[in-house]
Amino acid sequence: MITRSWLKRAGKGVPMDLRRDIHEEIVLLRSRAPEITGALTCTVDGMLVTTDLPTETEQTAALTSALLSLSRRMTELAKVGRLEETLVSGTEGHAACYAAGAKLVLTVLTGPGANLGLLRREGRKTAEKLAAIVERE
């Protein structure tokens with residue numbers, strides 16, 4: 001369960017009401033995909049916005065930003081269209097990153113054996129909603 005501590009740790013420079021709306025979307029994502037073990041949103045330049053990860057949140061946000069940049073460049077070089085997601089799979093689970101418009105990135109963590117089809121569908125849907133939230137600001 002995501003606690004309110006994310007309000008204190010995250011999102012310097014991001015308005016509180018915007019962080020709250022983003023947080024609510026993360027809660028909804030976790031309710032639709034219970035296999036998710038953690039989630040984080042950050043700006044494209046690596047500034048943490050919301051998280052429910054217990055540790056290393058700043059480092060995860062920075063790496064998320066770098067991974068987004070590399071993934072976007074790879075899609076350009078490979079000529080495979082617009083980036084939808086980057087999936088990193090390990091022996092203990094997965095980390096998926098979704099571009100959420102031009103300003104945010106969503107990172108979602110799961111354990112091993114997660115339903116990757118569900119993760120992809122729900123991750124993309126949430127990224128689109130996050131992009132819409134930021135755009136209305």
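This is a predicted model: local features need pLDDT of at least 70, side-chain atom pairs count only at pLDDT 80 or more; totals for chains, interfaces and linings use all residues.
1. Helix 2 covers residues 16-32, and helix 4 covers residues 116-136. Their axes come within 10 Å and cross at roughly 165°. Angles over 145 degrees count as roughly antiparallel. Helix 2 and helix 4 are therefore roughly antiparallel to each other. Their crossing is right-handed.

2. Which residues of helix 2 and helix 4 make the contact? Helix 2 brings L18, D21, I22, E25, I26, L29 and R32. Helix 4 brings L118, E122, G123, K125, T126, K129, L130, I133, V134 and R136. By type, the residues of this contact divide into 8 nonpolar, 2 polar and 7 charged. Find them on the two helices in the structure above.

3. Next, the largest nonpolar core. It holds 20 residues. Touching the most other members are I22, Y98, L104, L106, V108 and L130. I22 and L130 also take part in the contact between helix 2 and helix 4. Five elements each supply at least two residues of the core: helix 2, strand 1 (36-43), strand 4 (93-100), strand 5 (104-110) and helix 4. Which element gives the largest share? Helix 4 does, with 6 residues.

4. Leaving out residues up to four places away in sequence, L104 touches I22, C42, T43, V44, V49, Y98, A99, L130 and V134. Among these partners, I22 and V134 come from the two sides of the helix contact, helix 2 and helix 4.

5. Now the overall layout. The protein has 4 helices and 5 strands. Read from the N terminus, the order of elements is α-α-β-β-α-β-β-β-α. The protein has 137 residues, and 46% of them count as buried. Take the contacts between residues at least 6 apart in sequence: 53% join residues at least 24 apart.

6. T110 sits in strand 5. Is T110 buried or exposed? Its relative accessibility is 6%, and buried means under 20%, so T110 counts as buried. Its contacts, not counting residues up to four places away in sequence, are E35, I36, T37, E92, G93, H94 and L119.

7. L53 is a loop residue, placed between strand 2 (48-51) and helix 3 (57-78). Still, L53 is buried, with a relative accessible area of 7%. How far apart are L53 and G38 in sequence and in space? They are 15 residues apart in sequence, and their C-alpha atoms are 5.5 Å apart.

8. E56 lies in the loop between strand 2 and helix 3. L53 lies in that loop too. E56 is exposed, at 55% relative accessible area. Check its backbone: phi is positive, about 55°, although E56 is not a glycine.

9. K79 also has a positive phi of about 55° without being a glycine. Where does K79 lie? K79 is in the loop between helix 3 and strand 3 (86-90). At 73% relative accessibility, K79 counts as exposed.

Notes:
Residues are numbered from 1 along each chain as its sequence is written. Side-chain values use heavy atoms; hydrogens and water are left out. Axes are lines fitted to C-alpha atoms, for helices over the stretch in contact, and angles run from 0 to 180 degrees between N-to-C directions. Angles under 35 degrees count as roughly parallel, over 145 as roughly antiparallel, 65 to 115 as roughly perpendicular and the rest as oblique. A crossing is left-handed if the near helix is turned anticlockwise from the far one by less than a right angle, and right-handed if clockwise. Contact means heavy atoms within 4.5 Å. Ala, Val, Leu, Ile, Met, Phe, Trp, Tyr, Cys and Pro count as nonpolar, Asp, Glu, Lys and Arg as charged, and the others, Gly among them, as polar. A nonpolar core is a set of buried Ala, Val, Leu, Ile, Met, Phe, Trp, Tyr and Cys residues joined through side-chain atoms within 4.5 Å. Buried means under 20% relative accessible area, exposed over 50%, partly exposed in between (1.4 Å probe, protein chains only).
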